[in-house]
Amino acid sequence: MSGRSRWRTAASMTLVLAVGVAAFGWPFLAAPGSQVGQLGHGTDASFVFVLLMALMCLVLLAELSSGGIDAKTIAVLGVLAAAGGALRVLSAGTAGLEPMFFLLVIAGRALGAAKGFLLGALALLASAFLTAGIGPWTPFQMICCGWVALGAGLLPRAAGWAERWLLAAYGLVCGLLYGAVMNLWFWPFMGSSAPAGAGYVPGAGASANLGHYAVFYVTTSLAWDLPRGVLTAALTLVASRPLLRALRRSVRQARFEAPVRFAP
Amino acid sequence: MRRLPHPAPLPRLLHPAAWWVWGAGLAVAASRTTNPFLLVLVVAVAGWVVLERREKGVPNAFLPFLVVGLFAIGLRVVMVALLGGGVTGRVVLFRLPEIPLPQWTSGVRLGGAVTLEGVLAAAYEGLRLAAMLACLGATNALASPRRLLRYVPATLYEVGTAVVVALTFAPQLVDDALRVRAARRLRGHSGRGLAEIGRLAVPVLVGALERSLHLAASMESRGYGRAVRRTRSSAALAGALTLLGLFGVVTGLYGVLDGTAPLLLGAPMLAAGSLCAAAALVVGARRDPRTRYRRDPWQGAEWLVSAAGLVPGVVLAVAAASGWPGVVPQQVPATLPSVPLALVAAIAVAALAAPLAPVPPALALARERAS
């Protein structure tokens, strides 16, 4: 990747991160009297953000692959995404446990930030295709999973034991955060049917809504997120050493980028 | 030259995008109302079209989505009964023992009176979600989202290829996992537990990575490759448009979220940024010379099916915006919601998709054999 395209990728990643923060966190960020606050009671704004996130997903995927991905990278990404999708299909019975995350953390670490993001998004997309579960949640999940793998690629350098524990701790945090962030996209959509004191109140201010969201999170999804985080951390601890070795080996094998030139 | 009119359209698969437009329209219609009769009608229409036009052998995504929807209704009702809801009614069904909570959990209550109005409101909201899920499930069952992969713009060609690779390899990986597990069982391991999953993951993934390198070699030997199909200027234009569009979107979001920002900085900026970003997807693809093998045609049936889905969406959106009676039934006091005939007719239009769409080939063959 040349210097300029690397700079462009980083810039668009950052901008999409800002869009994502707004798309997930608008219930807390919207100032009273703002245009989002006037956009009906939450549900219309949710629709706008679903469309926006879908567009962001496509644009980011196009931008990440704009330099042209070579066949080896595509094959490795495709196969790893297949593994992620298969893990999600196998675990469909245990709703929300998502053992896919440990693969994303480890592979994101081995592949690096940009390819990690691609892998996270593609693995989620592949699993959505496999389970025929495409819906308005897919773009949100794709971007979130991409961030999980991207974060693993951006973790500080470490080796041996330190790396294993670092990745395991990161997996635990991700498992918890992913649920907290993913609930946000439909939380305002629940409208007046959310339990008292746990629903989105337009115009009530950030602190009140944060409090309501905390209640909602603890009562509904903490019971799923905590086991997921622990499972991810435990699987990472068990499998990270051999998997990292295998991944790094194949990444090294795939890197014979000798430029081919045909002279007349 | 005149085309000969034939009595029934020949069996073929409808263009997947037409089904997705149809499903999106119906889902929008469901999202605009909380009238339980209309919502049940939406689910019935979606179910009937799935029964009539689902290709044989395609997994039926409708049923799992329906189960999830029922679960959502039940969860809502139980939560409202336990924690109280936004709707406070007068008709008390029964009282649960109330647990006093400390002061800092302001507004939250546990137990207490369960009112008919609260339960009904929760059930209606849950039903609305269930109906939207049913529309999505129907669309997933009618047009496998994989078929949409063919229509990604050429800027996403590489990513699309990676997804196709993933979808092709996933069943093989499941087979691999089962084989490795069987091998471990033969050696006397239980095949369960956390450490076993780790031991399973390593050989499966290592094998898969080996295979991916073989795949890459064969892809390169078949000409998938380095040939850069886009000109330098179009790539630069696409990159600039991407950055400009993203920047516009971020600025627009700031304008939309902040109450004091000028109006122009909000929604118009957001729309302009989105357009710019979408244009970036198209610009890079414009000069792509790849051709497709066996395009799905977009013919009259596709237009009609899309329109059949869009009619209820548009009608219900207008009805909800202008406050027609019966779209959002009265919650307090609870009464039997009225059934507005115009809206029923609008939703029934979506059911026309079944007779309008051609019968998928395998289903037509099966029906022919059965009759």
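**Core and helices**

Analyst: The largest nonpolar core has 123 residues, and those touching the most other members are A:Leu104, A:Leu119, A:Ala121, A:Leu122, A:Ala126, A:Val148 and B:Ala166. A nonpolar core is a set of buried Ala, Val, Leu, Ile, Met, Phe, Trp, Tyr and Cys residues joined through C-beta atoms within 7 Å. A residue is buried if 20 or more other C-beta atoms lie within 10 Å of its own, exposed if 12 or fewer, and partly exposed in between, with C-beta atoms placed from the backbone.

User: Which helix of chain A gives the most to this core?

Analyst: That is helix α3 of chain A, residues 43-64, with 14 residues. Helices are DSSP runs of H or I with at least four residues, strands are runs of E with at least two, and both are numbered from the N terminus. From chain B, the core draws at least three residues from each of domain 2 (154-221) and domain 3 (232-283); domain bounds come from an automatic or database domain assignment.

User: Before going on, how should I read the model and its numbering?

Analyst: This is a predicted model, in which local features need pLDDT of at least 70, side-chain atom pairs count only at pLDDT 80 or more, and totals for chains, interfaces and linings use all residues. Residues are numbered from 1 along each chain as its sequence is written, while chains are lettered from A and ligands numbered from 1 in the order in which they are written.

User: What does A:Ala126 touch?

Analyst: Leaving out residues up to four places away in sequence, A:Ala126 touches A:Ala81, A:Ala82, A:Gly84 and A:Gly85, together with B:Val163, B:Ala166, B:Leu167 and B:Ala170. Two residues are in contact if their C-beta atoms, placed from the backbone, lie within 7 Å.

User: How many helices and strands does chain A have?

Analyst: Chain A has 10 helices and 0 strands. Of its 264 residues, 55% count as buried.

User: Where is A:Trp187, and why does it count as buried?

Analyst: A:Trp187 lies in the loop between α8 (161-184) and α9 (206-220) of chain A. A:Trp187 counts as buried because it has 23 C-beta neighbours inside 10 Å. Not counting residues up to four places away in sequence, A:Trp187 touches A:Pro27, A:Tyr200, A:Tyr213 and A:Phe216.

User: Turning to chain B, how is it divided?

Analyst: Chain B comprises domain 1 (16-148 + 300-370), domain 2 (154-221) and domain 3 (232-283). The centres of domain 1 and domain 3 of chain B, taken over C-alpha atoms, are 34 Å apart.
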